[in-house]
Amino acid sequence: MVSGMDNETRHPEISVVLPTRNRAEILGRALDSVLSQDLESFEVIVVDDGSCDSTAKMVDGYHDTRIHYVSTVHVGVSRARNIGIEHAVGRRVTFLDSDDYVEQGWLRALAGEQGEGIFDAAFVG
C-alpha cells in the first residue's frame, strides 16, 4: 500500500527514506525533524516493515503530502530501505532511521545552497 502523490506529480530535490517497524511511539520525532527542515523540496518515504502497532495510523494522522507511506510484510531494514529507494523520485536519496532525528539545515546541507548538491555521497552517524 502506498499513499501520497503519484510519481509523475512529485519532483523533489531529496527523498528521505525512513524505514520503521513497531515504532509508532517514537516515529513522530523523526518525522517532525524532517518536516521542519528549511528546504522545501523533499519527500519522506516511510517504509513500514510489517509493524503490528499503530504506525500506519500515526503516519496517516500527519496529512502532509510530502509524506508517502509504504507498507510491506516484514522484510528487514535493508530490504525496507531498498523498497524506499524504489519509490523515491527525488534527485538525491538519503536515509533516516525511525529512532533518530535531524537538526535544522540537514537537508539544505545535503542539497547545497542552490540545489546543486555538495556531496556525491554523505554518511552521518
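Predicted model: local features only at pLDDT ≥ 70, side-chain atom pairs only at ≥ 80, totals over all residues.
Reader: Which residues point which way from strand 2?

Author: Ile-14, Val-16, Leu-18 and Thr-20 point one way, while Ser-15, Val-17 and Pro-19 point the other way. Residues on both sides are buried.

Reader: And how do I read its pairing? How many bridges join strand 2 to strand 3?

Author: Two strands count as paired if there are at least two bridges between them. Strand 2 and strand 3 (residues 42-49) run parallel and are joined by seven bridges. To find your place there, look for Leu-18, which stands opposite Val-46 in strand 3.

Reader: What about strand 2 and strand 5?

Author: Strand 5 (residues 92-95) also pairs with strand 2 in the parallel sense, over four bridges. Here Val-16 is the residue to look for, with Thr-94 of strand 5 opposite.

Reader: Now a helix. Which residues of helix 3 are buried?

Author: In helix 3 (residues 77-87) they are Ala-80, Ile-83 and Gly-84. Seen down the helix axis, these buried residues fall within an arc of 100°, so they line one face.

Reader: What covers the buried residues of helix 3, and which exposed residues does the face turned away carry?

Author: The cover includes strand 2, strand 3 and strand 4 (67-72). On the face turned away from the buried side you will find the exposed residues Ser-78 and Glu-86.

Methods
Residues numbered from 1 in each chain as written. Heavy atoms only, no water. Buried < 20%, exposed > 50% of the residue type's maximum accessible area, 1.4 Å probe, protein only. Helix = DSSP H or I, 4+ residues; strand = E, 2+ residues; numbered from the N terminus. Arc of directions from axis to C-beta. Contact = heavy atoms within 4.5 Å.
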